[in-house]
Amino acid sequence: MIIVAGVDDSAHAQQVLRRAIEEATARDADLHVVHVVQSPIYFHLPMEVAVPIDVAAIEAAQRKAVWGSLDPILREADVPVKAVDLSGYPPDVLVDYATEHQAALLVIGTRGRGEFASLVLGSTSHRALHIAKCDVLVVKPLS
């Protein structure tokens, strides 16, 4: 059995990972911890204001930050863990990965931005709940 946990560069990702480890331990499952990099949106600026952007460097720095903050928790896990880096639109990529690996559960976080912010910015947890073929556990931030 496989459980997939989606993590990002937020402080809440540690709570999501801990909860995913609890679920994997209780279910005697392997845990796949997936970080999805979403490339930055490009803006067209006047030619005289053009600034080169090293997208690969930005993505590498984000991955380093994510795994660096989660590494202490991953090292203490008593379940088999696989760390995975992917790129794309996070909710779709997470659900596709979970489906491809026949995951029993997808564990993701919510930032609790509210309906309006989610409408404008998008909501990974909301979209994943609606398109996932497996169960989805949404971990709310501790208040």
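The following points concern a predicted model of a single chain.

1. Overall fold. The secondary structure of the chain consists of five helices and five strands. Read from the N terminus, these elements follow the order β-α-β-α-β-α-β-α-α-β.

2. Contacts along the sequence. Of the contacts in the chain between residues at least 6 apart in sequence, 79% connect residues at least 24 apart.

3. Burial and surface. The chain has 143 residues, and buried residues account for 37% of them.

4. Residue H12. This residue belongs to helix α1, which covers residues 12–27. H12 has a relative accessible area of 13%, and therefore counts as buried, the cut-off being under 20%. Leaving aside residues up to four places away in sequence, H12 touches G109, T110, V139, K140 and P141.

5. Residue D28. D28 is located in the loop between α1 and β2, the latter spanning residues 30–37. The phi of D28 is near 55°, a positive value in a residue other than glycine. Most residues other than glycine have a negative phi. D28 counts as exposed because its relative accessibility is 70%, and the cut-off is over 50%.

6. Residue Q102. A positive phi, near 50°, is also found at Q102, again a residue other than glycine. Q102 sits in the loop between α3 (90–100) and β4 (105–109). Its relative accessibility is 71%, so Q102 counts as exposed.

Terms used: Residues are numbered from 1 along each chain as its sequence is written. This is a predicted model: local features need pLDDT of at least 70, side-chain atom pairs count only at pLDDT 80 or more; totals for chains, interfaces and linings use all residues. Side-chain values use heavy atoms; hydrogens and water are left out. Helices (H or I, at least four residues) and strands (E, at least two) are DSSP runs, numbered from the N terminus. Buried means under 20% relative accessible area, exposed over 50%, partly exposed in between (1.4 Å probe, protein chains only). Contact means heavy atoms within 4.5 Å.
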